[in-house]
Amino acid sequence: MSRRITVRNIIASLALQIFTLINGLIVPKLILSFFGSDVNGLVSSITQFLNYITLLEGGIGAVVMAALYKPLAENDSEKVGAVIRAAKNFFKSIALIYVVYAVFLAIIGPLVIWKSFEWKYVALLVVVIAINSFVQYYFSICYKILLNADRKGYVVYLTQIVFLIVNLLLAIIVIRMYPSIHILKLANAIAFCIQPLVFSIFVKKHYRIDEKCEPDKAALSQRWDGFGQNIAYVVHMNTDVTVLTLLSSLSNVSIYSVYNLVAVGLKNIVVAVSSAILPSLGRVLVKEDIDETNKAFDTYELVIGLVTTFLYSCGAMLINKFVSIYTMNITDANYSQPVFGLLLIIAMAFGSIREPYINVANAAGHFRRIAKYAYIEAIINIAVSVVLVWKLGLIGVAIGTLIASMYRYIAQILYLRNNVLNRPIIKSIKSCCCCILTFSVNYYLLSLLFEKMQPQTYGAWFIEAILTAIAVGLVTLVVSMLFH
């Protein structure tokens with residue numbers, strides 16, 4: 001039953017990633033076509049500034065989930081209610097801070113940041129875009145965390161898919177009938193505002209939660225350690241662009257952004273699979289049966305290793321060819337950067353393959369004890385990138401990310417062995433060697449097979465991508481069977 005639930009969550013999570021990608025490609029394209037690049041840039045910029053406030057929330061979701069695993073496994077409704085009540089109080093505070101920040105941004109932003117548009121035009125757009133995040137924080141985020149922790153993530157994913165489709169249909173209708181960016185974003189906000197009602201109805205039907213119970217404040221005692229980890233993660237993920245902006249050139253920032261579009265897309269798929277598996281492992285973890293936990297972790301590690309190796313092997317072969325088509329008519333910068341592309345893919349692969357080690361430590365409630373590794377990772381990335389960017393440019397920042405990610409991977413392996421699972425380190429070494437060998441064999445063989453293929457259209461690239469995926473899948477399966 002547990003395996004069936006996990007598979008259901010994985011499929012629903014992957015489906016959500018696909019629909020999110022489709023929505024993310026079509027809606028901006030509609031905005032570009034009907035409102036122009038300036039308005040599209042304005043929407044992107046406002047969204048980015050509003051997203052900064054999410055740093056306050058960062059890490060709290062993982063803390064709440066870790067606190068819910070045990071009472072859910074023991075069917076302790078009273079404890080579940082106390083944790084949810086404490087989380088609701090916290091997120092409501094975040095929502096109120098968000099309102100103040102959004103109002104401030106609506107008043108000051110048009111005067112300081114987005115001066116090329118009328119003040120009223122920008123201010124109203126900020127308020128409309130901010131509605132969506134406010135509703136998520138104030139009404140639905142706790143229910144989503146509860147459902148994910150109880151291995152019912154598929155409910156969340158399928159609900160979000162439905163509203164992504166509704167959002168896309170509303171966007172098309174609004175643009176055809178009344179082309180206004182404000183009405184378009186308001187329709188988007190209204191569509192997503194219905195989500196909390198769906199989650200609320202489902203939770204009230206399947207859980208007995210006393211909304212008036214005493215909040216369990218101790219459940220969030222490690223919220224600042226989770227917050228610190230999130231800050232460090234944000235710094236680590238944004239170091240490259242910041243360093244290139246300050247110490248290199250904007251053309252290099254543009255090149256990096258295009259390659260990173262692919263690398264981050266692959267990482268999001270790994271995270272989606274990992275997030276679908278984690279609640280089942282968290283439920284095993286709270287039983288404190290070390291043998292059963294180790295068996296569950298072995299499966300978790302194997303699945304993430306296979307998914308990471310498969311995706312990034314394909315990415316290593318296809319990223320440069322994709323970028324060459326994507327930037328075919330752009331001549332103001334050299335987008336042909338094969339060495340940088342390969343290094344970025346490898347760096348992101350190490351950032352993905354460590355997912356099980358970090359997530360299990362968090363699920364065990366060790367936020368405070370592993371936070372230092374996140375801080376050191378960010379510091380290493382900044383230091384190495386700053387030193388190398390002068391001579392190596394894009395390759396320098398990619399090396400910085402790679403070294404920092406490798407450090408965190410090794411540190412988390414050692415921490416998990418000594419403090420959570422007590423598993424032989426040879427298992428982690430074996431898993432890592434399997435991934436490295438599979439990636440190397442895939443890259444070498446496919447370089448020979450597809451070296452002469454240089455697709456000039458998306459259709460030709462897609463055909464090569466299918467052939468690459470089949471070949472990578474076969475090699476990954478064979479090598480994995482030899483190792484496992």
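Biologist: Which residues of α13 are buried?
Modeller: In this predicted model, the buried residues of α13 are Glu355, Pro356, Tyr357, Ile358, Asn359, Val360, Ala361, Asn362 and Ala363.

Biologist: What happens just after α13?
Modeller: Glycine 365 sits there with a positive phi of about 85°.

Biologist: OK, and which residues other than glycine have a positive phi?
Modeller: Asparagine 75 is one of them, with phi at about 55°. Asparagine 422 is another, with phi near 55°.

Biologist: Where is asparagine 75, and is it buried or exposed?
Modeller: Asparagine 75 lies in the loop between α3 and α4. Its relative accessibility is 67%, and exposed means over 50%, so asparagine 75 counts as exposed.

Biologist: And where is asparagine 422, buried or exposed?
Modeller: Asparagine 422 belongs to the loop between α15 (394-419) and α16. Asparagine 422 is exposed, at 55% relative accessibility.

Biologist: Back to α3 and α4. At what angle do the axes cross?
Modeller: Roughly 170°, and the axes come within 9 Å. Helix α3 covers residues 60-73 and helix α4 covers residues 77-112. An angle over 145 degrees counts as roughly antiparallel, so that is what α3 is to α4.

Biologist: Is that crossing left-handed or right-handed?
Modeller: The crossing of α3 and α4 is left-handed.

Biologist: Which residues make the contact?
Modeller: From α3 you have Ile60, Val64, Ala67, Leu68, Pro71 and Leu72. From α4 the residues are Lys79, Val80, Val83, Ile84, Ala87, Phe90 and Phe91. By class, the α3 and α4 contact has 12 nonpolar residues, no polar ones and 1 charged.

Biologist: What about α11 and α16, how do they pack?
Modeller: Helix α11 (residues 290-326) and helix α16 (residues 425-450) pack at about 25°, with axes 10 Å apart. Angles under 35 degrees count as roughly parallel, so α11 and α16 are roughly parallel to each other. The crossing of α11 past α16 is right-handed.

Biologist: Who's in that contact?
Modeller: On the α11 side, the residues include Asp298, Glu301, Gly305, Thr309 and Tyr312. On the α16 side, they include Lys427, Cys435, Phe439, Tyr443 and Phe450. The contact of α11 with α16 divides into 8 nonpolar, 8 polar and 4 charged residues.

Biologist: Switching to cores. Which residues touch the most other members of the largest nonpolar core?
Modeller: Leu68, Leu146 and Tyr312, out of 104 residues in that core. Helix α10 (residues 250-285) gives the largest share of this core, 15 residues.

Biologist: Leucine 146 came up. What is in contact with it?
Modeller: Leaving aside neighbours within four places in sequence, leucine 146 is in contact with Leu68, Leu72, Val80, Ile84, Val203, Tyr207 and Ile209.

Biologist: And valine 43, where is that, buried or exposed?
Modeller: Valine 43 is in helix α2, residues 37-51. Valine 43 is buried, with a relative accessible area of 5%. Not counting residues up to four places away in sequence, valine 43 touches Leu125, Ile129, Ile181 and Lys185.

Biologist: How far is valine 43 from proline 28?
Modeller: The C-alpha atoms of valine 43 and proline 28 are separated by 9.3 Å, and the two are 15 residues apart along the chain.

Biologist: What about leucine 164, which helix is it in?
Modeller: Leucine 164 is in helix α6, residues 153-177. Leucine 164 has 10% relative accessibility and buried means under 20%, so leucine 164 counts as buried. Beyond neighbours within four places in sequence, leucine 164 is in contact with Leu16, Phe19, Thr20, Asn23 and Phe192.

Biologist: Last one, asparagine 381. Buried or exposed?
Modeller: Asparagine 381 is buried, at 0% relative accessibility. This residue is found in helix α14, residues 367-392. Setting aside neighbours within four places in sequence, asparagine 381 is in contact with His236, Thr239, Asp240, Val397, Gly400, Thr401 and Ala404.

How values were computed: Residues numbered from 1 in each chain as written. Predicted model: local features only at pLDDT ≥ 70, side-chain atom pairs only at ≥ 80, totals over all residues. Heavy atoms only, no water. Helix = DSSP H or I, 4+ residues; strand = E, 2+ residues; numbered from the N terminus. Buried < 20%, exposed > 50% of the residue type's maximum accessible area, 1.4 Å probe, protein only. Contact = heavy atoms within 4.5 Å. Core = buried A, V, L, I, M, F, W, Y, C linked by side-chain atoms within 4.5 Å. Axes fitted to C-alpha atoms, helices over the stretch in contact; angles between N-to-C directions. Parallel < 35°, antiparallel > 145°, perpendicular 65-115°, else oblique. Left-handed = near helix turned anticlockwise from the far one by under 90°. Nonpolar A, V, L, I, M, F, W, Y, C, P; charged D, E, K, R; others polar.
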